Amino acid sequence: MKVATRFSHSIPKLVCPDDNGILISTKNLNRVLKIDRELMTMTVESGVTLREIISEAARFEMALPYTPYWWGITIGGLISTGAHGSTLWGKGSAVHDYVTHIRIVTPSGPEDGFVKVRNLDESHQNLNAARVSLGVLGVISQVTLQLEPLFKRSLTYLTKNDSDLGDELIIFGRKHEFADVSWYPSQKKVVYRIDDRVPLNTSGNGLYDFTGFRSTLSLALQVFRATEEFQETINDSNGKCITAKLTSATLAASGYGLTDNGTFPGYPIVGLHNRMQSSGTCLDSLNDHMMTACPWDSRIKGEFHHETAFSISLSVVKNFIEDVQKLVELEPKALCGLELYNGILMRYVTASSAYLGKIEDAIEFDITFYRSKDPLAPRLFEDIIEEIEQIGLFKYGGLPHWGKNRNLGFLGAIKKYNKTDKFLKVKEEYDSRGLFSSEWTNQILGIKEGVTIVKDGCALEGLCICSEDSHCAPKKSYLCRPGRVFKEARVCRHVVKTKEENDLKAEF
């Protein structure tokens, strides 16, 4: 059995049951149950969306301080995957760290009627297992969140050269409460989000309706996708770089979707927290006969991409940044494809008490890139993008985002968590028969072998066996070189060549 929310934004197979399995929907668990203004708490059913939580809290002049930027997710789904915003302040940016109570329904024996309802509050040690549960403990039915008084924010985007990015990252995150950083490596450009609380009486009626989450003409989305597919087919790196520069310049000129009373007057933009923290108005375009849509809506031939996200400790993040910059020096156009999707988003996360939460203060790198509909067609400069992913995960021990990775991200990941044994003990107590597990969740939790994908191919989904006839090399850059035969599933390591054609072996 697996629990499905009304929105499905998990890229991995967390919600997929095995053959002959069933789905349990939380669509009708959609009520706000209680708001306590004195204790500053809100209790909701697990199918309530982030958008509804933000709106309802603001109605009572309260706020959930840190949240993901996309509001089309349910509270049950977002805490189960460790979803977060960006901050190094307070308890940190993960929503699950503001959960004070969870009601979870788990399997049981005949003495309990085969079901047990468990109420976990902050005095119960198992709350730290349920806070990031990956859906393998049972069905979350209710969640209580700790809120705080509503406040205003002032937001300014500042664009700089990326030459000192490694030094600036940590300082910037400590200085600004809601800071994040968008990096355009091929353009050697960084956009810093200067975002802080200001007094409630500060003038401003700002709204952040992020451009990338707005309703977009379906025809325009189809043209964008067709253009990128054509660029991939003819190895047009120049075209990708030109499009990337145009896209980032257009976003910057429009203030990234920021307005004050309907227009963009320039920075700073000041507004109430509930109007600035999260967006996703393309969800409102569902009833216009698909003339407009969210950019990734599968019902049209729009965006089709993969998303990789991993967090790297603040202590080594400068070294990772410098490694990526070295790769850009070797192949300056290699990362233009990432910049078509707003570059590399860097968000700040802190250590969590949740057993499967972050184990130390870190920066989360969110990388979105083109995905072909043909599983045998390698991406342009795939080897460079793969190398960045592997360096982050293996050389620097990056922790995966549970809802945003390919299988590669979970290879050996569970061993990086220092409270895995405690989580698995709770899992055995709550669901000893594994009714809420699948073969895949058992693999990523280290209960069973097999995270790697054992078949011929180009490793587009993360890991593969490469064979001589896998046709992975029709382009300049590819992951699995011709004649490269691996006898067992492993990371496809490769060589990147400099402009002088000297071999530079990857350090992992």
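The following questions and answers walk through a predicted model of one protein chain. In this predicted model, local features need pLDDT of at least 70 and side-chain atom pairs count only at pLDDT 80 or more, while totals for chains, interfaces and linings use all residues. Residues are numbered from 1 along each chain as its sequence is written, and side-chain values use heavy atoms, with hydrogens and water left out.

Student: How many helices and strands are there in the protein chain?
Tutor: Helices (H or I, at least four residues) and strands (E, at least two) are taken as DSSP runs and numbered from the N terminus. Counted in this way, the protein chain has twelve helices and 23 strands.

Student: What percentage of the 508 residues in the protein chain is buried?
Tutor: A residue is called buried under 20% relative accessible area, exposed over 50%, and partly exposed in between, using a 1.4 Å probe and protein chains only. Of the 508 residues in the protein chain, the buried ones make up 57%.

Student: Is the pair of Tyr157 and Tyr256 stacked or tilted?
Tutor: Rings of Phe, Tyr and Trp (its six-membered ring) pair if their centres lie within 6.5 Å, and planes under 30 degrees apart count as stacked, over 60 as edge-to-face and the rest as tilted. By this rule there are 20 aromatic pairs. The ring centres of Tyr157 and Tyr256 are 4.5 Å apart and their planes lie at 50°, so this pair is tilted.

Student: How many residues apart in sequence are the parts that this pair ties together?
Tutor: Tyr157, at 12% relative accessibility, counts as buried, and Tyr256, at 6%, counts as buried as well. Tyr157 lies in strand β10 (residues 152-161), whereas Tyr256 lies in the loop between α6 (237-253) and β15 (258-260), so the pair ties together parts whose separation in sequence is 99 residues.

Student: What is the angle at which helix α5 and α6 pack?
Tutor: Axes are lines fitted to C-alpha atoms, for helices over the stretch in contact, and angles run from 0 to 180 degrees between N-to-C directions. With contact meaning heavy atoms within 4.5 Å, Glu228, Gln231 and Glu232 in α5 meet Gly239, Lys240 and Thr243 in α6. The axes of α5 (residues 218-233) and α6 are 8 Å apart, and the packing angle is about 150°.

Student: What arc do the buried residues of helix α11 cover around the axis?
Tutor: In helix α11 (residues 420-430), the buried residues are Thr420, Phe423, Val426, Lys427 and Tyr430. The face turned away from this buried side carries the exposed residues Asp421 and Lys425.
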